[in-house]
There are 2 protein chains.
Amino acid sequence: MNLLLLLPEDLAAPDRAILSGRRLAHVREVHRAQVGDELAVGLLGGAMGRGRVLRLDAGALELALVLDEAPPPKLPLSLVIALPRPKVLNRVVAAAASLGAGRIVLLNAWKVEKAYWSSPRLQPDSLRQQLLLGLEQARDTVLPELRLARLFRPFVEDELPELLAGGTGLLAHPGPGETVPEVLAAPLTLAIGPEGGWIEAEVRSLIKAGLRPLSLGPRILRTETALAALVGKFF
Amino acid sequence: MNLLLLLPEDLAAPDRAILSGRRLAHVREVHRAQVGDELAVGLLGGAMGRGRVLRLDAGALELALVLDEAPPPKLPLSLVIALPRPKVLNRVVAAAASLGAGRIVLLNAWKVEKAYWSSPRLQPDSLRQQLLLGLEQARDTVLPELRLARLFRPFVEDELPELLAGGTGLLAHPGPGETVPEVLAAPLTLAIGPEGGWIEAEVRSLIKAGLRPLSLGPRILRTETALAALVGKFF
(Lines give C-alpha, C1' and ligand atoms only; values in the text may rest on other atoms or scores of the structure.)
Protein backbone atom coordinates (compact mmCIF):
# COMPACT_ATOMS: atom_id res chain seq x y z
CA MET A 1 0.00 0.00 0.00
CA ASN A 2 1.79 3.11 -1.24
CA LEU A 3 -1.21 5.37 -0.74
CA LEU A 4 -3.78 5.26 2.02
CA LEU A 5 -7.02 5.65 0.12
CA LEU A 6 -9.73 7.54 2.01
CA LEU A 7 -13.42 7.14 1.33
CA PRO A 8 -15.83 10.05 1.73
CA GLU A 9 -17.30 8.38 4.82
CA ASP A 10 -13.86 8.39 6.49
CA LEU A 11 -13.89 12.19 6.66
CA ALA A 12 -14.87 13.62 10.03
CA ALA A 13 -14.10 17.05 8.58
CA PRO A 14 -12.60 18.20 5.25
CA ASP A 15 -9.11 18.02 6.82
CA ARG A 16 -9.66 15.15 9.26
CA ALA A 17 -10.09 11.41 8.64
CA ILE A 18 -10.81 8.54 11.03
CA LEU A 19 -10.13 4.99 9.82
CA SER A 20 -10.53 1.48 11.14
CA GLY A 21 -10.47 -2.07 9.74
CA ARG A 22 -8.03 -3.23 7.05
CA ARG A 23 -6.32 0.13 6.58
CA LEU A 24 -5.87 0.67 10.31
CA ALA A 25 -4.32 -2.79 10.63
CA HIS A 26 -2.02 -2.15 7.65
CA VAL A 27 -0.78 1.18 9.01
CA ARG A 28 -0.14 -0.38 12.43
CA GLU A 29 1.42 -3.64 11.30
CA VAL A 30 3.14 -2.88 8.01
CA HIS A 31 3.86 0.86 8.04
CA ARG A 32 4.39 0.71 11.84
CA ALA A 33 3.53 4.39 11.89
CA GLN A 34 3.74 6.54 15.02
CA VAL A 35 1.81 9.59 16.14
CA GLY A 36 3.29 12.55 14.26
CA ASP A 37 4.32 10.54 11.17
CA GLU A 38 3.10 11.62 7.75
CA LEU A 39 1.50 9.11 5.40
CA ALA A 40 0.76 9.44 1.70
CA VAL A 41 -3.02 9.68 1.43
CA GLY A 42 -5.62 10.31 -1.25
CA LEU A 43 -9.36 10.81 -1.31
CA LEU A 44 -11.12 8.33 -3.57
CA GLY A 45 -11.98 10.19 -6.75
CA GLY A 46 -10.24 13.32 -5.46
CA ALA A 47 -6.94 14.90 -4.47
CA MET A 48 -3.88 13.31 -2.91
CA GLY A 49 -1.51 14.60 -0.25
CA ARG A 50 -0.31 13.80 3.24
CA GLY A 51 -1.99 12.72 6.44
CA ARG A 52 -0.32 13.41 9.78
CA VAL A 53 -1.07 10.76 12.39
CA LEU A 54 -2.94 12.33 15.32
CA ARG A 55 -4.00 9.07 16.97
CA LEU A 56 -3.14 5.44 16.28
CA ASP A 57 -4.29 2.58 18.48
CA ALA A 58 -6.29 -0.63 18.24
CA GLY A 59 -9.50 1.36 17.81
CA ALA A 60 -8.76 3.95 15.16
CA LEU A 61 -6.32 5.89 13.04
CA GLU A 62 -6.95 9.61 13.02
CA LEU A 63 -5.25 11.82 10.45
CA ALA A 64 -4.89 15.56 9.83
CA LEU A 65 -5.06 15.95 6.05
CA VAL A 66 -3.42 18.21 3.51
CA LEU A 67 -4.78 17.25 0.10
CA ASP A 68 -3.12 19.48 -2.46
CA GLU A 69 -1.91 17.20 -5.29
CA ALA A 70 -3.78 16.00 -8.36
CA PRO A 71 -3.81 12.24 -8.94
CA PRO A 72 -1.82 11.02 -11.95
CA PRO A 73 -3.78 11.28 -15.19
CA LYS A 74 -5.50 8.12 -16.36
CA LEU A 75 -4.07 6.56 -19.52
CA PRO A 76 -6.26 6.94 -22.62
CA LEU A 77 -6.54 3.17 -22.60
CA SER A 78 -9.38 0.67 -22.61
CA LEU A 79 -8.46 -2.93 -21.83
CA VAL A 80 -10.79 -5.59 -23.20
CA ILE A 81 -9.78 -8.76 -21.38
CA ALA A 82 -11.29 -12.20 -21.84
CA LEU A 83 -12.51 -13.13 -18.35
CA PRO A 84 -9.60 -14.88 -16.61
CA ARG A 85 -9.84 -17.85 -14.27
CA PRO A 86 -11.07 -16.78 -10.83
CA LYS A 87 -7.67 -17.64 -9.40
CA VAL A 88 -5.97 -14.97 -11.51
CA LEU A 89 -8.87 -12.53 -11.87
CA ASN A 90 -7.96 -10.52 -8.77
CA ARG A 91 -4.38 -10.02 -9.87
CA VAL A 92 -5.42 -9.02 -13.38
CA VAL A 93 -7.96 -6.45 -12.18
CA ALA A 94 -5.57 -4.96 -9.61
CA ALA A 95 -2.73 -4.85 -12.15
CA ALA A 96 -4.94 -3.17 -14.77
CA ALA A 97 -5.97 -0.54 -12.24
CA SER A 98 -2.40 0.01 -11.06
CA LEU A 99 -1.22 0.52 -14.65
CA GLY A 100 -3.68 3.40 -15.05
CA ALA A 101 -6.17 2.02 -17.58
CA GLY A 102 -9.21 4.27 -17.84
CA ARG A 103 -11.57 1.46 -18.70
CA ILE A 104 -11.55 -2.31 -18.17
CA VAL A 105 -14.01 -4.62 -19.89
CA LEU A 106 -14.13 -8.29 -18.86
CA LEU A 107 -15.45 -10.09 -21.91
CA ASN A 108 -16.77 -13.56 -22.52
CA ALA A 109 -15.03 -15.79 -25.07
CA TRP A 110 -15.42 -19.34 -26.33
CA LYS A 111 -12.55 -20.57 -24.20
CA VAL A 112 -13.74 -18.85 -21.02
CA GLU A 113 -15.33 -21.57 -18.89
CA LYS A 114 -18.97 -20.77 -18.08
CA ALA A 115 -18.34 -21.39 -14.38
CA TYR A 116 -15.98 -18.42 -14.24
CA TRP A 117 -18.98 -16.10 -14.58
CA SER A 118 -20.46 -17.41 -11.32
CA SER A 119 -17.33 -16.80 -9.28
CA PRO A 120 -17.88 -14.73 -6.12
CA ARG A 121 -14.84 -12.75 -7.25
CA LEU A 122 -17.03 -11.17 -9.91
CA GLN A 123 -19.33 -9.62 -7.30
CA PRO A 124 -19.16 -5.82 -7.47
CA ASP A 125 -17.71 -5.50 -3.95
CA SER A 126 -14.96 -7.99 -4.70
CA LEU A 127 -14.01 -6.33 -7.99
CA ARG A 128 -14.06 -2.90 -6.41
CA GLN A 129 -11.74 -4.13 -3.67
CA GLN A 130 -9.19 -5.23 -6.28
CA LEU A 131 -9.46 -1.91 -8.08
CA LEU A 132 -8.83 -0.11 -4.79
CA LEU A 133 -5.78 -2.31 -4.11
CA GLY A 134 -4.46 -1.38 -7.55
CA LEU A 135 -4.95 2.33 -6.86
CA GLU A 136 -3.27 2.04 -3.43
CA GLN A 137 -0.34 0.28 -5.08
CA ALA A 138 0.06 2.84 -7.85
CA ARG A 139 -0.74 6.01 -5.85
CA ASP A 140 -3.88 6.95 -7.69
CA THR A 141 -7.34 7.91 -6.48
CA VAL A 142 -9.49 7.54 -9.58
CA LEU A 143 -11.27 4.24 -10.17
CA PRO A 144 -11.24 2.99 -13.75
CA GLU A 145 -14.58 2.18 -15.29
CA LEU A 146 -15.07 -1.57 -15.03
CA ARG A 147 -17.73 -3.50 -16.82
CA LEU A 148 -18.64 -7.10 -17.43
CA ALA A 149 -19.64 -8.12 -20.94
CA ARG A 150 -21.15 -11.57 -20.51
CA LEU A 151 -22.18 -11.81 -24.15
CA PHE A 152 -19.40 -11.64 -26.72
CA ARG A 153 -21.39 -10.78 -29.80
CA PRO A 154 -23.48 -7.80 -28.61
CA PHE A 155 -20.43 -6.22 -27.03
CA VAL A 156 -18.18 -6.73 -30.04
CA GLU A 157 -20.74 -5.80 -32.67
CA ASP A 158 -22.58 -2.96 -30.96
CA GLU A 159 -20.29 -1.43 -28.35
CA LEU A 160 -16.72 -2.07 -29.45
CA PRO A 161 -16.93 0.02 -32.67
CA GLU A 162 -18.04 3.02 -30.59
CA LEU A 163 -15.21 2.46 -28.13
CA LEU A 164 -12.77 2.49 -31.05
CA ALA A 165 -14.13 5.60 -32.75
CA GLY A 166 -11.32 8.08 -33.43
CA GLY A 167 -8.73 5.91 -31.72
CA THR A 168 -6.73 2.73 -32.29
CA GLY A 169 -7.70 -0.81 -31.42
CA LEU A 170 -5.24 -3.68 -31.24
CA LEU A 171 -5.83 -7.38 -30.82
CA ALA A 172 -2.85 -8.93 -29.04
CA HIS A 173 -1.99 -12.52 -29.75
CA PRO A 174 1.11 -14.68 -29.69
CA GLY A 175 2.79 -15.76 -32.90
CA PRO A 176 3.35 -13.99 -36.20
CA GLY A 177 1.27 -10.97 -37.15
CA GLU A 178 1.51 -7.23 -37.50
CA THR A 179 4.27 -5.70 -35.42
CA VAL A 180 3.76 -2.54 -33.44
CA PRO A 181 2.56 0.40 -35.52
CA GLU A 182 4.87 3.38 -35.22
CA VAL A 183 2.19 6.00 -34.73
CA LEU A 184 -1.00 5.32 -32.85
CA ALA A 185 -4.03 7.56 -32.55
CA ALA A 186 -5.21 7.76 -28.92
CA PRO A 187 -7.36 6.55 -27.26
CA LEU A 188 -6.03 3.02 -27.43
CA THR A 189 -8.08 -0.14 -26.99
CA LEU A 190 -6.20 -3.37 -26.34
CA ALA A 191 -7.91 -6.76 -26.47
CA ILE A 192 -6.27 -9.68 -24.66
CA GLY A 193 -7.56 -13.21 -25.21
CA PRO A 194 -8.24 -16.07 -22.81
CA GLU A 195 -5.84 -18.85 -21.92
CA GLY A 196 -5.89 -20.93 -25.08
CA GLY A 197 -6.55 -17.84 -27.19
CA TRP A 198 -9.48 -16.48 -29.18
CA ILE A 199 -11.08 -18.88 -31.65
CA GLU A 200 -11.03 -18.03 -35.35
CA ALA A 201 -14.61 -16.72 -35.42
CA GLU A 202 -13.86 -14.39 -32.51
CA VAL A 203 -10.74 -13.06 -34.20
CA ARG A 204 -12.81 -12.34 -37.34
CA SER A 205 -15.48 -10.51 -35.30
CA LEU A 206 -12.91 -8.46 -33.42
CA ILE A 207 -11.14 -7.46 -36.63
CA LYS A 208 -14.46 -6.61 -38.26
CA ALA A 209 -15.24 -4.37 -35.27
CA GLY A 210 -12.04 -2.44 -36.02
CA LEU A 211 -9.20 -4.11 -34.11
CA ARG A 212 -5.88 -4.70 -35.83
CA PRO A 213 -3.97 -7.87 -35.01
CA LEU A 214 -0.73 -7.28 -33.16
CA SER A 215 1.94 -9.89 -32.62
CA LEU A 216 3.40 -10.20 -29.16
CA GLY A 217 6.16 -12.47 -30.43
CA PRO A 218 6.59 -16.21 -30.08
CA ARG A 219 6.11 -16.34 -26.30
CA ILE A 220 2.72 -16.98 -24.74
CA LEU A 221 2.38 -14.74 -21.71
CA ARG A 222 0.00 -14.91 -18.80
CA THR A 223 -2.80 -12.37 -18.95
CA GLU A 224 -1.36 -10.04 -16.32
CA THR A 225 2.12 -10.25 -17.81
CA ALA A 226 0.83 -9.58 -21.33
CA LEU A 227 -1.22 -6.59 -20.29
CA ALA A 228 1.68 -4.98 -18.42
CA ALA A 229 3.98 -5.61 -21.39
CA LEU A 230 1.45 -3.99 -23.73
CA VAL A 231 0.97 -0.96 -21.52
CA GLY A 232 4.77 -0.62 -21.30
CA LYS A 233 5.00 -0.78 -25.07
CA PHE A 234 2.51 1.99 -25.78
CA PHE A 235 2.72 4.40 -22.82
CA MET B 1 1.14 -25.09 -19.42
CA ASN B 2 1.51 -24.29 -23.10
CA LEU B 3 4.48 -26.56 -23.60
CA LEU B 4 5.15 -29.91 -22.00
CA LEU B 5 8.78 -29.61 -20.98
CA LEU B 6 10.74 -32.86 -21.15
CA LEU B 7 13.83 -33.55 -19.11
CA PRO B 8 16.67 -35.70 -20.45
CA GLU B 9 15.71 -38.45 -17.98
CA ASP B 10 12.18 -38.60 -19.46
CA LEU B 11 13.57 -39.91 -22.74
CA ALA B 12 13.28 -43.68 -23.17
CA ALA B 13 14.66 -43.17 -26.69
CA PRO B 14 15.50 -40.05 -28.73
CA ASP B 15 11.91 -40.04 -30.09
CA ARG B 16 10.09 -41.48 -27.08
CA ALA B 17 9.31 -39.96 -23.66
CA ILE B 18 7.65 -41.43 -20.57
CA LEU B 19 6.35 -39.03 -17.91
CA SER B 20 4.72 -39.23 -14.52
CA GLY B 21 4.01 -36.90 -11.61
CA ARG B 22 2.90 -33.28 -12.04
CA ARG B 23 3.07 -33.26 -15.82
CA LEU B 24 1.11 -36.51 -16.14
CA ALA B 25 -1.57 -35.13 -13.81
CA HIS B 26 -1.73 -31.88 -15.78
CA VAL B 27 -2.10 -33.62 -19.14
CA ARG B 28 -4.84 -35.87 -17.75
CA GLU B 29 -6.77 -33.28 -15.76
CA VAL B 30 -6.27 -29.98 -17.57
CA HIS B 31 -5.45 -30.91 -21.17
CA ARG B 32 -7.73 -33.96 -20.90
CA ALA B 33 -5.68 -35.47 -23.71
CA GLN B 34 -6.52 -38.77 -25.37
CA VAL B 35 -4.37 -41.42 -26.99
CA GLY B 36 -3.54 -40.14 -30.47
CA ASP B 37 -3.63 -36.44 -29.53
CA GLU B 38 -0.63 -34.25 -30.24
CA LEU B 39 0.81 -32.04 -27.53
CA ALA B 40 3.30 -29.20 -27.84
CA VAL B 41 6.52 -30.46 -26.27
CA GLY B 42 10.10 -29.32 -25.85
CA LEU B 43 13.26 -30.83 -24.51
CA LEU B 44 14.80 -28.76 -21.73
CA GLY B 45 17.71 -26.89 -23.28
CA GLY B 46 16.90 -28.32 -26.70
CA ALA B 47 14.42 -28.41 -29.56
CA MET B 48 10.64 -28.12 -29.47
CA GLY B 49 7.98 -29.92 -31.46
CA ARG B 50 5.07 -32.29 -30.98
CA GLY B 51 4.46 -35.39 -28.91
CA ARG B 52 1.78 -37.88 -29.98
CA VAL B 53 0.14 -39.62 -27.02
CA LEU B 54 0.82 -43.38 -27.19
CA ARG B 55 -0.35 -44.20 -23.68
CA LEU B 56 -2.09 -42.16 -21.00
CA ASP B 57 -3.30 -43.63 -17.74
CA ALA B 58 -2.82 -43.19 -14.00
CA GLY B 59 0.69 -44.63 -14.24
CA ALA B 60 2.33 -42.84 -17.12
CA LEU B 61 2.15 -40.68 -20.21
CA GLU B 62 4.06 -42.05 -23.15
CA LEU B 63 4.77 -39.85 -26.15
CA ALA B 64 6.19 -40.32 -29.66
CA LEU B 65 8.28 -37.21 -30.30
CA VAL B 66 9.04 -35.06 -33.31
CA LEU B 67 11.40 -32.31 -32.18
CA ASP B 68 12.13 -30.12 -35.18
CA GLU B 69 11.68 -26.50 -34.03
CA ALA B 70 14.17 -24.15 -32.42
CA PRO B 71 13.06 -22.50 -29.18
CA PRO B 72 12.46 -18.74 -29.36
CA PRO B 73 15.66 -16.74 -28.97
CA LYS B 74 16.39 -15.39 -25.52
CA LEU B 75 16.18 -11.61 -25.16
CA PRO B 76 19.54 -9.85 -24.77
CA LEU B 77 18.33 -8.83 -21.34
CA SER B 78 19.64 -9.13 -17.80
CA LEU B 79 17.20 -8.36 -15.02
CA VAL B 80 18.68 -7.25 -11.72
CA ILE B 81 15.81 -7.47 -9.25
CA ALA B 82 15.92 -6.58 -5.57
CA LEU B 83 14.87 -9.79 -3.84
CA PRO B 84 11.07 -9.67 -3.53
CA ARG B 85 9.01 -10.89 -0.58
CA PRO B 86 8.76 -14.70 -0.58
CA LYS B 87 5.04 -14.39 -1.32
CA VAL B 88 5.72 -12.73 -4.67
CA LEU B 89 9.11 -14.25 -5.45
CA ASN B 90 7.67 -17.22 -7.32
CA ARG B 91 5.54 -15.07 -9.58
CA VAL B 92 8.43 -12.70 -10.30
CA VAL B 93 10.83 -15.50 -11.21
CA ALA B 94 8.29 -17.30 -13.40
CA ALA B 95 7.29 -14.04 -15.10
CA ALA B 96 10.92 -13.11 -15.77
CA ALA B 97 11.52 -16.53 -17.33
CA SER B 98 8.33 -16.36 -19.40
CA LEU B 99 9.31 -12.94 -20.76
CA GLY B 100 12.53 -14.41 -22.15
CA ALA B 101 15.19 -12.74 -20.01
CA GLY B 102 18.58 -14.35 -20.54
CA ARG B 103 19.81 -13.63 -17.05
CA ILE B 104 18.11 -12.93 -13.72
CA VAL B 105 20.01 -11.64 -10.70
CA LEU B 106 18.23 -11.46 -7.33
CA LEU B 107 20.05 -8.74 -5.44
CA ASN B 108 20.07 -7.64 -1.85
CA ALA B 109 19.08 -4.06 -0.98
CA TRP B 110 18.64 -2.03 2.18
CA LYS B 111 14.86 -2.42 2.09
CA VAL B 112 14.96 -6.18 1.48
CA GLU B 113 14.18 -7.79 4.83
CA LYS B 114 16.95 -10.14 5.93
CA ALA B 115 14.47 -12.94 6.55
CA TYR B 116 13.65 -13.08 2.82
CA TRP B 117 17.08 -14.61 2.23
CA SER B 118 16.19 -17.63 4.39
CA SER B 119 12.96 -18.40 2.57
CA PRO B 120 12.66 -22.01 1.35
CA ARG B 121 11.55 -20.48 -1.94
CA LEU B 122 15.17 -19.48 -2.54
CA GLN B 123 16.31 -23.10 -2.53
CA PRO B 124 17.72 -24.07 -5.94
CA ASP B 125 14.99 -26.67 -6.56
CA SER B 126 12.23 -24.22 -5.78
CA LEU B 127 13.68 -21.50 -8.01
CA ARG B 128 14.26 -23.97 -10.81
CA GLN B 129 10.65 -25.10 -10.58
CA GLN B 130 9.46 -21.51 -11.09
CA LEU B 131 11.79 -21.06 -14.05
CA LEU B 132 10.39 -24.25 -15.59
CA LEU B 133 6.82 -23.01 -15.06
CA GLY B 134 7.77 -19.79 -16.84
CA LEU B 135 9.23 -21.72 -19.79
CA GLU B 136 6.15 -23.97 -19.98
CA GLN B 137 3.95 -20.89 -20.00
CA ALA B 138 5.93 -19.11 -22.71
CA ARG B 139 6.81 -22.13 -24.88
CA ASP B 140 10.52 -22.00 -24.41
CA THR B 141 13.05 -24.67 -23.46
CA VAL B 142 16.09 -22.67 -22.43
CA LEU B 143 16.55 -21.80 -18.76
CA PRO B 144 17.77 -18.31 -18.05
CA GLU B 145 20.85 -17.99 -15.90
CA LEU B 146 19.70 -17.23 -12.38
CA ARG B 147 21.92 -16.09 -9.59
CA LEU B 148 21.58 -14.78 -6.09
CA ALA B 149 23.65 -11.78 -5.06
CA ARG B 150 23.34 -11.66 -1.30
CA LEU B 151 25.80 -8.80 -0.96
CA PHE B 152 24.90 -5.55 -2.68
CA ARG B 153 28.25 -3.88 -2.80
CA PRO B 154 30.48 -6.62 -4.28
CA PHE B 155 27.91 -7.34 -6.94
CA VAL B 156 27.36 -3.71 -7.89
CA GLU B 157 31.01 -2.66 -7.74
CA ASP B 158 32.71 -5.74 -9.16
CA GLU B 159 30.24 -7.61 -11.34
CA LEU B 160 27.70 -5.10 -12.59
CA PRO B 161 30.18 -3.01 -14.63
CA GLU B 162 31.20 -6.18 -16.51
CA LEU B 163 27.57 -7.07 -17.13
CA LEU B 164 27.03 -3.62 -18.61
CA ALA B 165 30.10 -3.59 -20.85
CA GLY B 166 29.13 -2.66 -24.41
CA GLY B 167 25.44 -2.51 -23.60
CA THR B 168 22.95 -0.29 -21.84
CA GLY B 169 21.94 -0.35 -18.20
CA LEU B 170 18.83 1.31 -16.84
CA LEU B 171 17.69 1.86 -13.29
CA ALA B 172 13.90 1.92 -13.17
CA HIS B 173 12.19 3.96 -10.52
CA PRO B 174 8.88 5.75 -10.12
CA GLY B 175 8.66 9.51 -10.29
CA PRO B 176 10.47 12.09 -12.40
CA GLY B 177 13.72 11.19 -14.17
CA GLU B 178 15.11 10.44 -17.55
CA THR B 179 12.51 9.20 -20.01
CA VAL B 180 13.17 6.31 -22.33
CA PRO B 181 16.23 6.76 -24.52
CA GLU B 182 15.39 6.48 -28.20
CA VAL B 183 18.27 4.24 -29.15
CA LEU B 184 19.65 1.57 -26.87
CA ALA B 185 22.73 -0.54 -27.35
CA ALA B 186 22.04 -4.19 -26.62
CA PRO B 187 22.47 -6.07 -24.37
CA LEU B 188 20.17 -4.35 -21.94
CA THR B 189 20.39 -4.57 -18.16
CA LEU B 190 17.38 -3.42 -16.16
CA ALA B 191 17.50 -2.92 -12.39
CA ILE B 192 14.24 -2.98 -10.45
CA GLY B 193 14.18 -1.91 -6.81
CA PRO B 194 12.49 -3.39 -3.76
CA GLU B 195 9.10 -2.38 -2.38
CA GLY B 196 9.88 0.98 -0.88
CA GLY B 197 12.58 1.63 -3.46
CA TRP B 198 16.37 1.82 -3.44
CA ILE B 199 17.89 4.11 -0.85
CA GLU B 200 19.94 7.11 -1.98
CA ALA B 201 23.32 5.44 -1.42
CA GLU B 202 22.22 2.45 -3.51
CA VAL B 203 21.07 4.70 -6.33
CA ARG B 204 24.45 6.43 -6.30
CA SER B 205 26.30 3.09 -6.40
CA LEU B 206 24.13 1.78 -9.23
CA ILE B 207 24.65 4.95 -11.26
CA LYS B 208 28.37 4.84 -10.58
CA ALA B 209 28.42 1.26 -11.88
CA GLY B 210 26.96 2.52 -15.16
CA LEU B 211 23.16 2.45 -14.86
CA ARG B 212 21.14 5.39 -16.10
CA PRO B 213 18.02 6.38 -14.16
CA LEU B 214 14.81 5.82 -16.04
CA SER B 215 11.45 7.16 -14.98
CA LEU B 216 8.51 4.79 -15.07
CA GLY B 217 6.06 7.64 -14.54
CA PRO B 218 4.14 8.64 -11.44
CA ARG B 219 2.66 5.21 -10.71
CA ILE B 220 4.38 2.75 -8.39
CA LEU B 221 4.05 -0.72 -9.88
CA ARG B 222 4.48 -4.11 -8.29
CA THR B 223 7.74 -5.81 -9.19
CA GLU B 224 6.22 -8.29 -11.64
CA THR B 225 4.09 -5.60 -13.28
CA ALA B 226 7.05 -3.23 -13.59
CA LEU B 227 9.30 -5.84 -15.12
CA ALA B 228 6.74 -6.86 -17.73
CA ALA B 229 6.09 -3.20 -18.57
CA LEU B 230 9.81 -2.61 -19.00
CA VAL B 231 10.27 -5.65 -21.21
CA GLY B 232 7.30 -4.51 -23.29
CA LYS B 233 8.86 -1.07 -23.64
CA PHE B 234 12.21 -2.25 -24.95
CA PHE B 235 11.54 -5.48 -26.85
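In which hand does H2(B) pass H6(B)? In this predicted model, the crossing of H2(B) past H6(B) turns out to be right-handed. Helix H2 of chain B spans residues 86–99, and its axis comes within 9 Å of that of H6(B), the two crossing at roughly 10°. With angles under 35 degrees counted as roughly parallel, H2(B) is therefore roughly parallel to H6(B). On the H2(B) side, the contact is built from B:Val88, B:Arg91, B:Val92, B:Ala95, B:Ala96 and B:Leu99. H6(B) answers with B:Thr223, B:Glu224, B:Leu227, B:Ala228 and B:Val231. Sorted by class, the residues where H2(B) meets H6(B) come out as eight nonpolar, one polar and two charged.

H6 also takes part in packing between the chains. Helix H6 of chain A and helix H6 of chain B, each covering residues 223–234, pack with their axes 6 Å apart and at an angle of about 50°. That angle makes H6(A) oblique to H6(B). Here too the handedness can be stated: H6(A) and H6(B) cross in a right-handed sense. Chain A brings A:Thr225, A:Ala228, A:Ala229, A:Leu230, A:Val231, A:Gly232 and A:Lys233 to this contact, and from H6(B) come B:Thr225, B:Ala228, B:Ala229, B:Leu230, B:Val231, B:Gly232 and B:Lys233. Taken by class, the contact of H6(A) with H6(B) holds eight nonpolar residues, along with four polar and two charged ones.

Zooming out to the whole interface, 22 residues of chain A are in contact with 22 residues of chain B. On the chain A side, the elements giving two or more residues are helix H2 (86–99), helix H3 (124–138) and H6. H6(A) supplies the largest share of that side, with seven residues. The side of chain A that touches chain B is made up of 11 nonpolar, six polar and five charged residues.

How are the two chains related? Chain A is superposed on chain B by a rotation of 180° with 0.0 Å of shift along its axis, at an RMSD of 0.0 Å. This is the relation of a two-fold axis. Both copies use the same surface, as 100% of the contact residues of chain A recur in chain B.

Key. Residues numbered from 1 in each chain as written. Chains lettered and ligands numbered in written order. Predicted model: local features only at pLDDT ≥ 70, side-chain atom pairs only at ≥ 80, totals over all residues. Axes fitted to C-alpha atoms, helices over the stretch in contact; angles between N-to-C directions. Helix = DSSP H or I, 4+ residues; strand = E, 2+ residues; numbered from the N terminus. Parallel < 35°, antiparallel > 145°, perpendicular 65-115°, else oblique. Left-handed = near helix turned anticlockwise from the far one by under 90°. Contact = placed C-beta atoms within 7 Å. Nonpolar A, V, L, I, M, F, W, Y, C, P; charged D, E, K, R; others polar. Least-squares fit on C-alpha atoms with pLDDT ≥ 70 in both.
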